[in-house]
Structure formats: structure tokens, C-alpha cells
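Let's take a walk through this structure together, one piece at a time. Have the sequence and the 3D view ready.

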Amino acid sequence: MNRRSFLKTGLAGVGAAVATTAVAPYGRLCRAAAATTGKRVIIVGIGGGLRLRESLGMAEGATMPNLFGTAPLVPGFGTAAGAPRIAPEYKAPALVLPAPRATPLYTQGTLVTNLRYADGPPGHLQGHGCLLSGYYNKLENRADAHLPVPTVFELHRQRTGAPASDAWYVSVIGGFYRALITSDHPAYGSRFAGVYLQPPGVMQPLAPIIVSGQRTLDLGAANGALPTIPSNPAEDAAAARLTGMLDGNTPAFAGTDATVHLADTDNARIQAHLAELYSDASYDRLFSQSFGIGLARPDHRIDPTSDARTIYHAERVLARFRPSVMAITLLDVDTCHADFNGYLRAQQLADAAVAHLWDFIQADPELRDTTTMLVLPEHGRHLDSNGNNPDSYGRSGIDHGKGDDGDRDVWMLALGPDIKRNNVIAPTGISQPGRGSGRYETIDAVMTAMQVLGHDGAMTSELTAYGARPGLVIPEVMR
Amino acid sequence: MNRLAIALVLAAASCTTTYDYAPTIAGNPEGADRAPRGKTSSQFVRDVYADLLGRSPEAYTFTVTSSGVTQLALPVDEQADLVTVLDGIGDGLPMRNLLVNGLLHSKEVTIADKASVTDPRAFIRQQFTRLLGREPNAYELRGFADAWSQDPAVGPRTIIRAIIGSRAYQSQ
């Protein structure tokens, strides 16, 4: 076991002394009161760039069978799709995937097969900046680069008075993405930010080990249990009350402070959530084997990929906080820069994880009846390969960013109670001043999500005021 | 007479160039509070290690053995690894509080039992001085002491956790 796999799975499986209890049911707290429409939106951005050719076109086999089935949904790339064409030298470690759904998800909702990421650099930060704001942007790759227009989190909170814990951004990747939780817009900003969480960074076993002060662990010893951070809700609450007394004598943080500072009530709930995860001596709550998606280990356990861990914790957040707005960034397909087979395998894993998320939502009556989920790539990838690490089939890595049709031709899958079912569409002739594509675009997906929440008018106003072209609600998607 | 003479001498010696200086303000206006800025994750980790453990974060290898055989040798960089954890959440305060709780349960920290603290007010004063560099004011001391006497959940560890969780400690 190396450091990387340890960070993913902890010590599970190393020795018999390690407990592997199943995840205990997570307690559900009442959702904080908020003047919302009662509807929820989840935007799942498949970050890293996913081309039409491999996803809907299935040119390398059916890489996303849970979302799209096994027959190509767009012409031009192949007529029949079998199993994904993974070169033999890239087949290990094996993927752990549930059996694909008998009925692919696209039949339960609307699939726009010709969406266009029409403007702005096809880069990760810019692509996800667009998904979180409906604004084609040229954000610099800097940790302090905020969007100039309000994010979906800010719009929602500013308009409803909802607490931060009603708006979450759950992201595979940290760094620059952390800044996307809030904009620089003077009427919005960090006081309306949502909660940013990067599960692969936060939810890992090193933290309890480090703070325990233990530098060795003898699994055979009587006290050979994994270190935890003890949870004592009464002590947590008492400490918080005393902290509140002290804070009453201290000025608030400067409005220009780059750090997002949430309300005490939000932080108390988040701390209780984290305390439950870190007090589990099996470490199974950091990633439960029952999730069933990841990479196979020799000991028959599962290594979670970053995407799998992110979706797993997005589900935990949904269960506990029941937010109105959630954005999720996946990124594992971006391995395609240097590993074409890894790109195909990551599509399979993302497909299974997204389907798992949808099934999780459908298993909860409240979430099922109120949640709209949009799934779309942040952008595509180049039409041509970069020559990196050619496999035995002659395929190599693919970059993104120069803005060719491979970069910009994407799709959107919409699911939920307000979404038309069994609806595969590719509308053309869409007109709007400044719209050259004649098609629906990524910014339209975001605007449609905002319509579900009742914020489309506000988003249109803010984008127009900034001089940006606002997206259109896609009526063909809605019931 | 002397003053007049000095004035005349200075006037004769003075140069012809005069300077206008823009008015400046040193510090905040009287009565205004300084708006604090939060510590970065890196600053917080260094500070809390110094205050609670009396040392800097270190790098070492965490080893797991079974029947005398090493199963895992894991390189650990306390500073970098904890910063990664803290930076993975937008407002790191809940995670900071959790890590502090873990440190206060660690092998490196000895916390007195509540029953063994004979003078709670002195303990509270000591922790304020150690962690915030100041004495508690009368209101704070009374509030903390009352909580100590009335709430079974308030003991030495709670006092330390409360102070470290405060905006005063979390500020640069």
C-alpha cells in the first residue's frame, strides 16, 4: 500500500484489527428555514472535458451505459457500441462497477444532444465558472480570481435569505475552484457564498492520524485501533457558546477578507457533520465500501476514485443538509491529457457515480419530488490527439482549450419532476442577439436550472447589467 | 526679545521653497474597531501547534505494523497535510475546531481533569493570556467561570477549544 492508496482507503484491509463496520445511518436534521420555492437543483459538471465522440457517439464503445445506454445517440461516430475498447495494457486495476441499469437515465428525462459551449476558453476553471454563473468568462487561473457576476449560490441566497448550508459546491478539485464559491459582485460576494467542500482533500484519514500524535500503530496490540477524533456534541455546543461570548467582543471579519466566513449556525451544523465522519474508527464513513464504485484492490476492497468519493459525499450532504442548490464538479476524465484509456475508464466510473446519485435521490421521497438534476460536460476536448502515451490501439492523449468543435460540442441531460421524459432533442434555429451558434448553449442549461428555482429573472438582470449575454430558458426541456 | 531675535534669524535663513503635505491618518480613527482578517490555514496550523504542542509541525513516517512486520510506512508532513485538509472547505473553521479537539485528545497534550482544577478563574485567566495574549475582561471571566460551574460539559478542554475557536484567535 502506498501513500496514494492509503489516502483513498485508509487502513481498511491492512489487518484483522481494523474494523469495517457499515456506514451507520446518518442523522437527518431539519432543514434550516428558507423562503425557497421548495424545489432543488443539482448541476453535475463533468469536468476535465468530455467529447461528444466518446460519450453520446460511443465511438470507443458504450462508456456511459447508465446515462445513455449502449446504442449511439448521435450519428457520425459509429453505428453500434459494445463494451468500451480499453487497450489490454490499461485494464488493470479492474473497475468496480454495478451492473448497468436496464433502462438508461436519458429515457427518464430530456437529453439535448447538440448543446454548445459557445464562448470563452474551454478550460476547467472557466468551464465551471460558466456552470456556476451562466456567464462565459475568461477567469484567470488564480486562487483569488472570482467571477464578476453572481454565482448560482449567491443569487439563491440573496433572493431567498437561505443560509449558506442551503447552497453547496462539492468539487473534486480544490485550489482555484475554491474561489468559485463567491463572486466579486458588489451586491453579492462572500456574505452570500455557499458552502464549498472538496471531499478528496477533506475526507481522508490522515487528519485523525496526525492530530492523534501517534507515529506508529501496532495492529496486533490491545490498543491497536485507528486514531479518531472523539465526538462529544455537548462539549462542542458548550465550546461554541463560550466562543460566541468572546466573538461578541470582537469586530466582525473585514469585508475584504478573502476567506469566506459562514454564520455560526451553518458552521455548527457542518462541524457536527464532520465530527460524525471523523469519530468513526473504521474510517468507513470517509468512503463506504457499500458505495460500490471505484478501482478493485487485490484484497477485494474498493479504492475510491476522486469522482466516486466526491459523489459519495455529495449524497451525505444531500441527506443531512437537503440543500436547494448543489453544484458538483467531477474531474477524473481529465486524465485524458496523458491517458486515453484512463479517460474511457473514468467515463465509466463517472457514469456509474452519477447514476448512483440519481438513484439515491429517487430513494428519498422528499428529494425525489423536488430535485432537478442537470448533467453536462464543462466542455469537450480537441478533435485531434496530442500523441501522449499511445496505446496498443494507436490512441493517445487529447488536450482541450483551443476551442475547436471537439472542445465546444457538448450535451445536457436533465432529470426531475419538472423535466419532460423520453425526450431526445437537438434544436436548431435558436436566435438571440449575439448568439452565433443557433443552438442551445451551456449558459442556457444554467438559466433553465435557475428557472426551476425561480431565479432566472434575477440572473438575466444581473448578466445584462454586466453587459453579458444571458442564457435562455430551454422550453423544450420543461414539462 | 530673544524670541524675536530667533524668529528673525530663522526667517533670514529659511529657504523659499515650501511643501504641502497631504493629511494622513495613522491607524484607525479613535473609537473605531480594527476589522480582523482571518488567519490562513498555514498560519493557523503553525500557531496551534506552537500553542498546544509547543513545537512546530514536523515531517515523519507513520508506520503500521502487524506481528512485528511493517505493513505501511506513510510519509507525513503535518503542516502540508493539514493545510490540504483545511483548504478543502470554504470556511475552514469547523474543520479547525475539529482538529483542535483531536490535538487536545492527543498523546502530546496533557489536559487537567476538571475536578483537579482548584481555581477555575485562575485557569481561565491563564488560558486567555497564553492563547490571546491578554487577560479576560470582567464580563468574559464571569461568563466563562459561570459556565464552568453550571455546565458539566465545560472543563479545561472546553475552555481552550472556545478560545481557539474565537475570532480573536482566528485573526491575524
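How many bridges join strand β7 (residues 294-296) of chain A to β8(A)? Two bridges join them, and the strands run antiparallel. Before going on, a word on what you're looking at: this is a predicted model, where local features need pLDDT of at least 70 and side-chain atom pairs count only at pLDDT 80 or more, while totals for chains, interfaces and linings use all residues. Residues are numbered from 1 along each chain as its sequence is written, and chains are lettered from A and ligands numbered from 1 in the order in which they are written.

Back to those strands. Helices (H or I, at least four residues) and strands (E, at least two) are DSSP runs, numbered from the N terminus, and two strands pair if DSSP finds at least two bridges between them.

The peptide bond from Ala92(A) to Pro93(A) is cis, with omega near -5°, and Pro93(A) sits in the loop between α2 (65-68) and β2 of chain A.

Now step back to see chain A as a whole. You'll find 14 helices and twelve strands in it. Its C-alpha trace spans about 65 × 55 × 40 Å along its principal axes. For 479 residues, a compact globule would have a radius of gyration near 23 Å, and the 22 Å of chain A agrees with that; the radius is taken over C-alpha atoms, and the globule rule is 2.2 Å times the number of residues to the power 0.38. Of the 479 residues in chain A, 55% are buried. Here a residue is buried if 20 or more other C-beta atoms lie within 10 Å of its own, exposed if 12 or fewer, and partly exposed in between, with C-beta atoms placed from the backbone.

For a well-covered spot, look at strand β4 (residues 167-171) of chain A, where five of its five residues are buried. Ala167(A), Tyr169(A) and Ser171(A) point one way, and Trp168(A) and Val170(A) point the other. In a regular strand the side chains alternate between the two faces of the sheet. β4(A) runs parallel to strand β9 (residues 325-330) of chain A, joined by five bridges, and Tyr169(A) stands opposite Ala327(A) there. β4(A) also pairs in the parallel sense with strand β5 (residues 195-197) of chain A, over three bridges, with Val170(A) opposite Leu197(A).

Tyr283(A), in the loop between α8 (264-278) and β7 of chain A, has a positive phi of about 65° although it is not a glycine. Asn422(A) has a positive phi of about 50° and is not a glycine either; you'll find it in the loop between β11 (409-415) and β12 (423-425) of chain A. Tyr283(A) is buried, with 25 other C-beta atoms within 10 Å, whereas Asn422(A) has 10 C-beta neighbours inside 10 Å and counts as exposed.

Next, see where the chains meet. The contact takes 59 residues from chain A and 56 residues from chain B, where two residues are in contact if their C-beta atoms, placed from the backbone, lie within 7 Å. On the chain B side, α4(B) gives the most, with nine residues.

Let's finish inside chain B, with helix α5 (residues 120-132). Its buried residues are Pro120(B), Phe123(B), Ile124(B), Phe128(B) and Leu131(B). Seen down the axis of α5(B), they fall within an arc of 135°, so they line one face of the helix; the arc is that of the directions from the helix axis to the C-beta atoms. These buried residues pack against α2 (41-53), α6, α7 and α8 of chain B. On the other side of α5(B), Ala122(B), Thr129(B) and Arg130(B) are exposed. After α5(B) comes Gly133(B), with a positive phi near 75°.
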